[in-house]
Amino acid sequence: MPPRAYQRMLSGRRLDLLNPAPLDIEIEDIAHGLAFVARWNGQTKGEFPYSVAEHSLLVERIYGLIAPKAPAKWRMVALLHDAPEYVIGDMISPVKSAVGPGYKELDDRLMQAVLLRFGLPGQVPDSVKKQIKRADRISAWLEAIQIAGFDRKEADKLFGVPKLAGVEDEVLPLRAPMRVKADFLNRHRALLGLL
């Protein structure tokens, strides 16, 4: 028998990691998984881990500052930019480099299925990808200096100095996973209503 290549979700869905079907993807599973996946391998200050769901909410907010006239579909892509991590976890960049191209291929397959599931374009324009990546790096900078123990000089070197008015004043919350899950689902619903 070939090894099992699916993940059973709380919704009862079974997501085949080698051939993910969009209909096997549920937003509740994504929100729940991301709310319990810790960023920075859990090496953060505070009572609760800083989750990928919390990070995703922040990236979507920052993307909104970078591209205030962006349509809801690109804001949704920003919210879901790390959605595959609800299944494969959040690997820090050095681990991704060590694992090699297989990780990126798996991530890309899952992301394509997520985009299709929510009626989003399978091909995101490079300009939008760059803006979301910029928001992601700004988020990483904020996380690094506020909760991951980096000093400002090291964060500036690794993630770049954020050049976005007001973003340095953003205070990162450390909240219980179920509260973050609820906020993620509410933001998804709000964006879905604008598509």
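The following legends describe close-up views of a predicted model.

**View 1. Ser56 within helix α2.**
Ser56 belongs to helix α2, which comprises residues 52-66. The residue has a relative accessibility of 0% and therefore counts as buried. Setting aside residues up to four places away in sequence, Ser56 is in contact with Leu34, Ala78, Leu79, His81, Asp82 and Phe184. Leu10 lies 46 residues from Ser56 along the chain, and the C-alpha atoms of these two residues are 21 Å apart.

Ser139 counts as buried because its relative accessibility is 0%, which falls under the 20% limit. Apart from residues up to four places away in sequence, the contacts of Ser139 are His55, Leu58, Val59 and Ile62.

**View 2. The salt bridge between Glu60 and Arg187.**
Side chains of opposite charge can pair when their charged atoms come close. The structure contains 14 salt bridges. One of them joins the side chains of Glu60 and Arg187, with an N to O distance of 2.9 Å. Glu60 is located in helix α2 and Arg187 in helix α9 (residues 177-194), so this pair ties together parts of the chain that are 127 residues apart in sequence. Glu60 counts as buried, at 1% relative accessibility, whereas Arg187 counts as partly exposed, at 25%.

**View 3. The salt bridge between Asp156 and Arg152.**
The side chains of Asp156 and Arg152 also meet in a salt bridge, with 3.7 Å from N to O. Both residues lie in helix α8 (residues 152-159), and because they are 4 residues apart, about one helical turn separates them. Asp156 is partly exposed, with a relative accessibility of 23%. Arg152 is likewise partly exposed, with a relative accessible area of 41%.

Asp183 and Arg175 form a salt bridge in which the closest N and O atoms are 2.5 Å apart. Asp183 is partly exposed, its relative accessible area being 31%. Arg175 counts as buried, at 15% relative accessibility. Elsewhere, salt bridges link Arg13, Asp24, Glu26 and Arg117 in a network.

**View 4. The largest pocket and its lining.**
The largest pocket holds about 1200 Å³ of space. Its lining consists of 34 residues, of which His81, Asp82, Lys96, Lys133 and Asp136 are the closest to the centre. Helices α5 (93-99), α6 (101-117) and α7 each contribute at least two residues to the lining of this pocket. Grouped by class, the lining comprises 14 nonpolar, 7 polar and 13 charged residues. Two of the residues closest to the pocket centre, His81 and Asp82, are also among the contacts of Ser56.

**View 5. The aromatic pair of Trp40 and Phe159.**
A pair of aromatic rings is described by the distance of the centres and the angle of the planes. The whole structure contains 3 aromatic pairs. In the pair formed by Trp40 and Phe159, the ring centres are 5.9 Å apart and the planes stand at 85°, so the arrangement is edge-to-face. This pair links distant parts of the chain, 119 residues apart: Trp40 is in the loop between α1 (27-36) and α2, and Phe159 is in helix α8. Trp40 is buried, with a relative accessible area of 16%, and Phe159 is buried as well, with 17%. Together with Phe150, Trp40 and Phe159 form one aromatic cluster.

The buried residues of α3 are Ala72, Trp74, Arg75, Met76, Val77, Ala78 and Leu79. The elements that cover these buried residues include α2, α6, α7 and α9. Ala78 and Leu79, both buried in α3, are among the residues that Ser56 touches.

Note on methods:
Residues numbered from 1 in each chain as written. Predicted model: local features only at pLDDT ≥ 70, side-chain atom pairs only at ≥ 80, totals over all residues. Heavy atoms only, no water. Buried < 20%, exposed > 50% of the residue type's maximum accessible area, 1.4 Å probe, protein only. Contact = heavy atoms within 4.5 Å. Salt bridge = Lys/Arg side-chain N within 4 Å of Asp/Glu carboxyl O. 1 Å grid on protein atoms, 1.4 Å probe; cavity = no way out; pocket = protein on both sides within 12 Å on 5 of 7 lines; lining within 4 Å. Points joined across faces, edges and corners; volume = space filled by probe spheres on them. Nonpolar A, V, L, I, M, F, W, Y, C, P; charged D, E, K, R; others polar. Phe/Tyr/Trp six-rings, centres within 6.5 Å; stacked < 30°, edge-to-face > 60°.
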